[in-house]
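This report describes a structure as it can be read from the atoms. The sequence and the coordinates are shown first.

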Number of protein chains: 2
Amino acid sequence: MKDITIPGGKNAEKARKLMRVFSPLTGTELDGEYPVARSEEVQYAVEQAMAVYPVFSTTSGAKRADFLEAIGEEILALGEDLIQRAMAETGLPESRLLGERGRTVGQLGQFAAHIREGSWVDAILDPADPDRKPFPKPDLRQMLVPMGPVAIFGAGNFPLAFSTAGGDTASALAAGCPVILKAHEGHLGTNALVNRAIRLAARRTGVPEHVFQYVVGDGYITGRELVAHPGIKAASFTGSFGGGKALLQVANSRTEPIPFFAEMGSTNPVVVLPEAMAARGDVIGQQLVWSFTLNAGQFCTNPGLIIVREGEGMQKMIDAMHQAVLARQAELMYGKGIRTNFDARTQEMLQAKSVTLIGKGPDGGPLDGQATLARVHAVDFLIQPELQHEVFGPFSLIVICPDDDSLKQVLRSLGGQLTATLMAEERDLADREDILAELVNRCGRLVWNGVPTGVEVSPAMQHGGPWPAASDSRFTSVGTQAIRRWVRPVSYQNVPEALLPKALQSANPLKIWRRIGTEWTKEESGMRNQE
Amino acid sequence: MKDITIPGGKNAEKARKLMRVFSPLTGTELDGEYPVARSEEVQYAVEQAMAVYPVFSTTSGAKRADFLEAIGEEILALGEDLIQRAMAETGLPESRLLGERGRTVGQLGQFAAHIREGSWVDAILDPADPDRKPFPKPDLRQMLVPMGPVAIFGAGNFPLAFSTAGGDTASALAAGCPVILKAHEGHLGTNALVNRAIRLAARRTGVPEHVFQYVVGDGYITGRELVAHPGIKAASFTGSFGGGKALLQVANSRTEPIPFFAEMGSTNPVVVLPEAMAARGDVIGQQLVWSFTLNAGQFCTNPGLIIVREGEGMQKMIDAMHQAVLARQAELMYGKGIRTNFDARTQEMLQAKSVTLIGKGPDGGPLDGQATLARVHAVDFLIQPELQHEVFGPFSLIVICPDDDSLKQVLRSLGGQLTATLMAEERDLADREDILAELVNRCGRLVWNGVPTGVEVSPAMQHGGPWPAASDSRFTSVGTQAIRRWVRPVSYQNVPEALLPKALQSANPLKIWRRIGTEWTKEESGMRNQE
C-alpha cells in the first residue's frame, strides 16, 4: 500500500529527496526513508481530495462515525510497533505515549459519537408565513455544511493526539472534509504507521480512499504549496508563532483567502493571590512546578508566567518551587532543534535585565531539558515585553507584584493566551473583582485553582485564545466544538422536502436537536413547505 | 449634543476638512457640513470605546435589549425628517425608505428579543468527574463573550438597514461590543439623525454614551486608521469587492490580525431548467426582471446572471424578459459614482466577445439606471471570466447552455455567491441531482423558485457566501445569527458558582437553553462544582 500515489516513472523516483528521522533516544538516525513530496504530488493529492469531496461531504454521519471508530481500532491494532516507534522518534516516555494513544482513540470516539448523534449541524428552522404583508415570508432552514478539502499540519509535541489522526484530522473527517496532512518531520515513521491505520479503516468502512492523504516536506515549501492550493478550503497548524504566522500569511494572500487556524502556544499566566498563598503556598508551588516541567515542559499550556501578588505566603511558595525544581530530573526533549532553542531562549531570559535565577534541576543528557525557574520584579517585567515570549520547555518565570496596582498593570500588559489560571480563595477577589474580567478578556480558558496543562477533550473545552495564542479565537482545536472549524452555514429557502438534506426535513428523520424560533426541540417541525 | 467629542481648540477646528452631500434627487449639494475625523479623533474614539467595553460587555441582556428597542423608538420619533433627508441623499423612493425604516426597527427588535431570551450565548456545560482515572475530570463550562470594540462601515445602498443603526450595529451592540461607525459619505445627514437617535436611546436606558460613536472620512484613510487601531477587535464592511479587499488586507496586516467581515456582493446566479420554463417561462421571466431592476438594481442579491438550460420554453421566457425590460422605467441611482460605474460596467459587458444586447428600458435622467438585459452563449461565457464580475445596477446577463454538460461547466466556473437560485420543477432534477450540490457548494443561500432579492431577517438566514461574495463564509450579516460575528467562546474550568457568569451557573437563573452532554435543556444543571 503506497502512502500517496506518485505520478511519474522510475527516473522521477531517482532524483527524489529522502528524509530520515533522528532519534533523541538513541542519538542516531532511525530506519526508514521518507520521500519529500514534489509540487506535482501536492497538486495531485489536492485533486484527489477535491474528487472525493462531493461523495464524502454527503455521506451520513453514521457512516463517517464508523470510519472514525475504525481508525481508532486500527491504531490500537498497531500495538507495540506504534508505541516503540513513537518513543524512538520523540523520546517521550512509554507511559505518556500510551496515555496519548488513549486520548487519540478517545477523541476519534468522541467525534464519532458527536456526528452519529447529529445535532452538531446546528439546524435552524424558520417557518413560512404566506399571508404576511407586504410580502409573504419564505420558509428558511439553515445548517452547517463542510467547506471542502482541508490541510492539516501535524504537531511535533503530540505525535499521536495532534498529529496524523489527532484532533484536527478527526474533527475535519467528522465534518465531512477530506484531509491532506503535512506530516511532522520529527515522527515520520509514527505518521506512516497511523496513515496505514487510517487507510485500512477507510477500506473496511467503504469510505473513499483519498479522504486522507499525507505529504512529507522539507522546511516550509511543501506546507506553503499545500496552503496556497486553490482546492484547499481551510487549514490548521499547531506549533511555533513564527511557523503559524508565516502560513497564516500564505492563507491570507491567496486569491481566495481561507480560514487558517494556527495554535501558536502561549505563556499561560498563573495569577497567585495572597489568601491562597497563605493557606497553601507550598502545595501551589509544587503543583506549578509539576505542571511546567511535565514531559520536559513540551506543552502549549505550560505555565510559563507565574504572577504573584506579594503576601505572607509568598516566600513559602517560592521555596517549595525551588525545592521541587532541584528535585526534578531532566527529561528528553523531542528534537535537537527544540532543545537548542530551549537553551537559547532560557539564556535570553536569564540575561534579561533584573531577571534572577532561582534554581535549576539536575543536568541530564545532551537532549534533556533542565527544569529552570527564575524571578523578576513587576517593574522590570513591564519594561521588557520580550519576557512575555514563550519559552518552549521546562522554564517558568515568577513575576513579583508588590501591590494590586502593579498586578493589574502586569495583567493589562499581557497578550492573548490559551489559558489563564487563578490560584485564589474567593475572598481574594473581594476587592479585586476586575482581575477575573481582565483574565477572561485575554484567554480561551480560565482555570480556577488547578494547572493549565491537561486539556480535557470535552464539548465545553475552548483551546485557542486571542492573538498571539491563536490566529482565530473564535474556534477551538480541542473538544467536539473543533468540528466547527471546517464548516459554514447554508440557508435553504422554500426548498421542497424531497430536495432538503435529512437534517432539515420537517419530519426530522435524524431525530436531532433543532432550533425552531427560540426553542430547541427534537420533534418534527410541523410546518411543511407550501408546495 | 456633539456627535463625537473633539479634542483640540478652535484653531484645530479651522483647518478641518468638511464634507457635504450631493443629492441625486435635486442635483445639488444639500445643507449640512460634516467634519472629517482627524487621526487623533479616531484614536480618541477607540479609547472611549475601550473604556466603556468592560461595563457594556457585562451589562445584562435585558438592559441591552431595552437599549436596542429604545433606538428603534427614537428612529421612529425622527419621523418625516429622517425619511425626507434619506430621500434627498439617496434618491430612493419614499415607499422603499419607509419599508427600510420598518426593517431597521424590526431588526433592532429581533436582536432585542434574541438577547432578552438569552440562549444565544451557546452555553455548554460538562460535569466534573472527581473519580475518573488517571486524573479527575474537571468541571468545564463554555459560553460566548463579546470580543471588544468593533468598527463598522455603513453601506451606501441601505442608508438605514445597513448603515448607522443597521444590522451590523444592532448585532454588535446586542453582543455587548461598543461600535465605532465609519459613516457612509453618501448619506451623512441621515447618519447624523440616526446617531442622535442612538445617543438619546443610550441616555434613556442608562447605557454608557460612548458605546456608539461615528467618524466621517474622506476616501479610505479614516477607515484604514480605524481598522488598524489595536483597540478594535473586529470589523465589518458592506460594499464593493475592491473596498472590502483593501480593508481586509489592513485587518490581516495588523500586529494582531482581527476578524473582518466584508460582504462584497455577487452575481447571484439563477439557474432556469427546461420543465419549469416550459410550464411558466413567461412568469419566471417577469419575476426575474422585476428582481434585477428593483430600486435600480442596487441590491447585493440582484440576480445578475441567468443561466438557462435550453428547452422549449426558453424563447417564451426571453421574450417576456425583453418586454418587461422595455416597460421598466429607469430609476435614480444613489450616487454619481455608482451611476458612472454602472454605465462603464454595462458597456464593458456589451462590448465583450459575443455578448448580445436583448433590450434596454426607456432612458431616464442623468442619474437614472437604465434596465439592461443581454445574452451570451455558454462557450463564450466560459472563456471570459470577467463576465462573472458584478455589475452593480439594473443589468442582467442570460447565459445560454445548449446541454447539461455546458450547464455544469458554467456552474463549476462560478466563484462564491451570496445566493444561488433554482427555477425548476422537481422532475428537472431527476437526472441532474448534482446541480443542487454544485450550487450549495458555491453559495450562502439556495433559493427555490423565487427571487434572491428580499433578504429575510430570520434566525435561519445566511447572508454571506464563499469568496469573493464575502470574506468569511462562516458568518452572516443578516438575521440573528449575525451576533456570532462579534463573540468568541471562553471556557471556565472549576470556577466557583459565585464567580461564574449567570449564563453558566448551575441553577440557570436566566432560564436559557443550554447544552449538557448531547441534550439541550432549560433546566438547572444539577451538578454543582466540587468546592
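The sections below treat the relation of the chains, their interface, a sheet, selected helices and some local backbone features.

The structure is a predicted model. Chain B superposes on chain A by a rotation of 180° with 0.0 Å of shift along the axis, at an RMSD of 0.0 Å. The two copies are therefore related as by a two-fold rotation axis. The same surface serves both copies, since 100% of the contact residues of chain B recur in chain A.

## The interface between the chains

In the interface, 56 residues of chain B are in contact with 56 residues of chain A. On the side of chain B that touches chain A, at least two residues each come from strand 3 (124-126), strand 4 (140-146), helix 15 (433-440), strand 18 (443-448) and strand 19 (487-493) of chain B. Strand 19 of chain B gives the largest share, six residues. By class, this side of chain B holds 29 nonpolar, 16 polar and eleven charged residues.

Leaving aside neighbours within four places in sequence, V490(B) is in contact with V440(A), G444(A), L446(A) and Q462(A) of chain A, and with Q142(B), M143(B) and V145(B) of chain B. By contrast, V490(B) and R309(B), 181 residues apart in sequence, are 50 Å apart in space, C-alpha to C-alpha.

In chain A, five strands form an open sheet in the order 7-6-5-8-9, with parallel pairing. Its edge strands are strand 7 (212-215) and strand 9 (260-263) of chain A, each of which pairs on one side only. From one strand to the next, the twist averages 15°. Helix 8 (residues 221-228) of chain A packs on the sheet and touches strand 5 (150-153), strand 6 (179-182), strand 7 and strand 8 of chain A. The direction of helix 8 makes about 160° with that of strand 6 of chain A. At one end of the strand order, strand 8 (residues 234-238) and strand 9 of chain A pair in the parallel sense over four bridges. The bridge partner of T238(A) in strand 9 of chain A is E263(A).

In chain B, the buried residues of helix 8 (residues 221-228) are T222(B), G223(B), E225(B), L226(B) and V227(B). These buried residues pack against helix 2 (39-56), strand 5 (150-153), strand 6 (179-182), strand 7 (212-215), strand 8 (234-238) and helix 9 (241-253) of chain B.

## Helix 4 of chain B

Helix 4 (residues 79-90) of chain B has twelve residues and reaches 17 Å from its first C-alpha to its last, close to the 16 Å expected at 1.5 Å a residue. Buried residues in this helix are L82(B), R85(B), A86(B), M87(B), A88(B), E89(B) and T90(B). Their cover includes helix 3 (61-77), helix 5 (94-117) and helix 7 (188-205) of chain B. After helix 4 of chain B comes G91(B), with a positive phi near 75°.

## Local backbone features

A cis peptide bond, with omega near 0°, leads from K133(A) to P134(A). P134(A) is in the loop between strand 3 (124-126) and strand 4 (140-146) of chain A. In chain B, K133(B) and P134(B) are likewise joined by a cis peptide bond, with omega about 0°, and P134(B) lies in the loop between strand 3 and strand 4 of chain B.

Positive phi values occur in residues other than glycine. Phi of N449(A) is near 45°, and this residue lies in the loop between strand 18 and strand 19 (487-493) of chain A. N449(A) counts as partly exposed because it has 18 C-beta neighbours inside 10 Å. K511(A) has a positive phi of about 55° and is found in the loop between strand 19 and strand 20 (514-516) of chain A. With 13 other C-beta atoms within 10 Å, K511(A) is partly exposed.

Terms used:
Residues numbered from 1 in each chain as written. Chains lettered and ligands numbered in written order. Predicted model: local features only at pLDDT ≥ 70, side-chain atom pairs only at ≥ 80, totals over all residues. Contact = placed C-beta atoms within 7 Å. Nonpolar A, V, L, I, M, F, W, Y, C, P; charged D, E, K, R; others polar. Expected span 1.5 Å × (residues − 1). Buried ≥ 20, exposed ≤ 12 C-beta atoms within 10 Å, placed from the backbone. Pairing = 2+ DSSP bridges. Axes fitted to C-alpha atoms, helices over the stretch in contact; angles between N-to-C directions. Least-squares fit on C-alpha atoms with pLDDT ≥ 70 in both.
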